[in-house]
Amino acid sequence: MYIVPEAAIADLITPEASFDAVEAVFAAMARGDAYNFPVIREAIGHEDALYGFKGGFDQSGMALGLKAGGYWPHNLERRGIINHQSTVFLFDPDTGRMAAMVGGNLLTALRTAAASSVSIKHLARKDATVLGMVGAGHQSHFQLRAAVRQRKFEKVVGWNYHPDMLPKLAETAADLGLPFEAVSLDELGAQADVIITITSAFSPSLMTAQVRPGTHLACMGTDTKGKQEVETSLLASATVFTDEVAQSVSIGEAQHAVADGVLKGADIVQIGEVINRTHPGRRSADEITLFDGTGVGLQDLAVASAVLDIAIERGVAIEVDF
Ligand code: NAD
């Protein structure tokens with residue numbers, strides 16, 4: 001088996017390669033060639049940590065395995081390491097033998113940013129020029145970098161619950177050559193053609209009345225039961241797309257709309273159907289499209305497999321007799 005350490009990942013994968021891997025696996029899911037296993041996520045009663053597994057099998061990409069990891073809220077302050085910690089384990093689908101252990105921290109950010117970027121490519125209006133960012137934490141920078149590749153954005157408007165975090169996001173926008181304006185949520189909704197929400201909130205920040213017709217939203221922060229970023233009625237007035245319907249209705253942004261009876265699981269469209277052109281995606285310039293990005297194990301396996309191939313090719317993967 002091979003080991004690809006976390007420290008090696010940054011030199012091995014590009015945002016473009018992450019995008020291609022995630023777009024391909026979403027398409028495979030919609031064709032029925034790939035499926036995710038039920039998610040396990042547990043509060044382990046130690047260090048206030050949430051720990052779990054996301055896994056699956058992609059028969060077209062021959063990727064089998066899981067990502068193990070979670071969230072240790074005291075890591076940064078107590079140990080100087082990031083709070084999200086994860087590792088991807090890949091297995092040989094022909095034999096069940098362990099194939100590789102790949103650092104999953106950077107890959108998680110890249111595959112999450114790739115997912116919203118895929119949704120923007122396939123669902124946002126072609127003439128979108130203003131990008132709205134709700135959230136300014138660790139993931140938001142990756143989200144911003146991946147989003148700007150999809151449309152000719154001329155400006156970024158941002159809002160964050162903790163306003164002191166916004167200047168760092170403004171730096172990322174500047175790095176991308178884009179002007180950045182810190183705004184209220186009213187102004188953000190009034191200006192933005194595409195909105196990414198990437199917060200850890202448990203109650204809605206963005207309200208339905210703040211979102212204009214024609215907006216595309218990528219709601220990326222809600223990946224756990226109870227979390228929520230946008231008002232429930234927004235999902236009733238939008239066409240809702242997702243990575244995986246089972247996760248969307250249980251741990252994604254749609255969980256609240258479904259529980260309130262304003263949205264049915266059957267009405268939520270897998271983004272892979274749009275990629276495969278079995279669903280038309282956006283139907284009019286006035287339609288609100290909303291992508292509920294819950295984060296599936298197959299995304300992790302896809303990017304980890306891509307990294308492993310490059311790592312072996314470049315002689316960076318450490319081979320271990322196991
Ligand atoms: P972070 O801790 O670095 O940032 C958290 C963000 O949420 C900050 O912008 C913060 O100001 C904001 N926030 C905190 N409390 C809030 C509140 N009450 N109301 C509104 N905003 C609030 O976290 P991160 O690493 O950037 O992750 C953000 C979210 O994305 C988390 O919920 C994480 O679990 C989720 N996530 C989702 C996926 C996926 O695949 N969908 C992948 C990775 C992370």
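About 1,700 Å² is buried between domain 1 and domain 2, with 58% of it on carbon and sulfur atoms. Please keep in mind that this is a predicted model.

- Domain 1 covers 2-108 + 298-319, and domain 2 covers 116-296.
- The contact between the domains involves 18 residues of domain 1 and 21 residues of domain 2.
- Taken over C-alpha atoms, the centres of the two domains are 24 Å apart.

**The nonpolar cores**

- In general, nonpolar side chains of soluble globular proteins tend to be buried together.
- Here the largest nonpolar core has 61 residues, and V4, F26, V102, L131 and I196 are those with the most contacts inside it.
- Both domain 1 and domain 2 contribute to this core, with at least three residues from each.
- Another core, of 24 residues, lies apart from it and includes V130, V157, W159 and I268.

- V102 sits in strand β7 (residues 98-103) and is buried, with a relative accessible area of 0%.
- Beyond its neighbours within four places in sequence, V102 is in contact with V4, I9, T87, V88, L90, L107, A304 and V307.
- One of these contacts, L90, is 12 residues from V102 in sequence, and their C-alpha atoms are 8.0 Å apart.
- I196, again leaving aside neighbours within four places in sequence, has contacts that include S116, I120, L131, M133, Q143 and A218.

**The open sheet**

- Eight strands form an open sheet with parallel pairing, in the order β10-β9-β8-β11-β13-β17-β15-β16.
- Strand β8 (residues 130-134) runs parallel to β11 (residues 194-197) and is joined to it by 4 bridges.
- On the other pairing, 5 bridges join β8 to β9, and these strands also run parallel.
- V134 stands opposite T197 in β11 and opposite W159 in β9.
- Are the residues of β8 buried or exposed? In this strand, 5 of its 5 residues are buried.
- Both faces of β8 are covered, with V130, G132 and V134 on one side and L131 and M133 on the other.

**Helices around the sheet**

- Helix α4 (residues 105-123) lies across β11, β13 (216-219), β15 (239-242) and β17 (289-292), and runs at about 165° to β13.
- Helix α6 (residues 166-175) also packs on the sheet, where it touches β8, β9 (155-159) and β10, and its direction makes about 165° with that of β10.
- Helix α5 (residues 138-147) has 7 of its 10 residues buried, so this helix is largely enclosed by the rest of the structure.
- Those buried residues are Q139, S140, H141, Q143, L144, A146 and A147, and what covers them includes α4, β8, β9, α6 and β11.

Definitions and conventions:
Residues numbered from 1 in each chain as written. Predicted model: local features only at pLDDT ≥ 70, side-chain atom pairs only at ≥ 80, totals over all residues. Heavy atoms only, no water. Pairing = 2+ DSSP bridges. Helix = DSSP H or I, 4+ residues; strand = E, 2+ residues; numbered from the N terminus. Contact = heavy atoms within 4.5 Å. Axes fitted to C-alpha atoms, helices over the stretch in contact; angles between N-to-C directions. Core = buried A, V, L, I, M, F, W, Y, C linked by side-chain atoms within 4.5 Å. Buried < 20%, exposed > 50% of the residue type's maximum accessible area, 1.4 Å probe, protein only. Domains from an automatic or database assignment. Buried area = accessible area lost by both parts, 1.4 Å probe.
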